[in-house]
Amino acid sequence: MSGDGDIDRTGKLRVGTAEREEVARVLGSAMAEGRLTLAEYEQRLDAVWSSSTRGELAVVTDDLPGLPGAKAPVESKTAKNWREYFDEWRWWFGGFVVMTGIWGFQSVSDGQANEFWPMWPLGIWALILVAMIFVPEDEDEE
């Protein structure tokens, strides 16, 4: 076994969960940037989780920028917290689309506009998200 675990010229070193998660993050970023379609992303993600060596991981990302071997810029804790907070709003918007679609389908099938029931779960969810700004995060979590 080599004394320097970071140099792997043959691609035969085994990978761990942390390396797979980093490659999965790179794939997610590539999809968000429009470099991959959803089908390509899913196919490559399956390959990531079934990979066992660095060589197999390299094949998945060899045509993408931001390879796991490169040093990624360090994200500040504040920036990370805001990014995660806005991710929560993206989930809320997805819930809005799904629930409004269900309500719309239900209204069309009933032949009349029903009471807009999605306002209750969406309203409560939005209040929780707004409250998250004012409630301090526990520093002991990490």
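How many residues apart are aspartate 87 and arginine 90 in helix α4? Let me start there, everyone. They are three residues apart in α4 (residues 77–110), and so about one helical turn separates them. Helices here, by the way, are DSSP runs of H or I with at least four residues, numbered from the N terminus.

A quick word on the source: this is a predicted model, where local features need pLDDT of at least 70, side-chain atom pairs count only at pLDDT 80 or more, and totals for chains, interfaces and linings use all residues. Residues are numbered from 1 along each chain as its sequence is written, and side-chain values use heavy atoms, with hydrogens and water left out.

Back to our pair. Aspartate 87 and arginine 90 form a salt bridge, with 2.2 Å between the closest N and O atoms. By salt bridge I mean a side-chain nitrogen of Lys or Arg within 4 Å of a carboxyl oxygen of Asp or Glu. Arg83 joins in as well: Arg83, Asp87 and Arg90 are linked in a network of salt bridges.

What about accessibility? Aspartate 87 is partly exposed at 26% relative accessible area, while arginine 90 is exposed at 54%. The cut-offs are under 20% for buried, over 50% for exposed, and partly exposed in between, using a 1.4 Å probe and protein chains only.

The count for this model is seven salt bridges, so let me show you two others from the list.

Now, on to helix packing. Two packed helices are described by the angle between their axes and the distance between the axes. For α2 (residues 38–50) and α3 (residues 54–61), the axes come within 9 Å and cross at roughly 170 degrees. Axes are lines fitted to C-alpha atoms over the stretch in contact, and angles run from 0 to 180 degrees between N-to-C directions. The two helices are therefore roughly antiparallel, a label for angles over 145 degrees.

Which residues meet? Arg44, Ala47, Val48 and Ser50 in α2 touch Glu56, Leu57 and Val60 in α3, contact being heavy atoms within 4.5 Å.

Terms used: Parallel < 35°, antiparallel > 145°, perpendicular 65-115°, else oblique.
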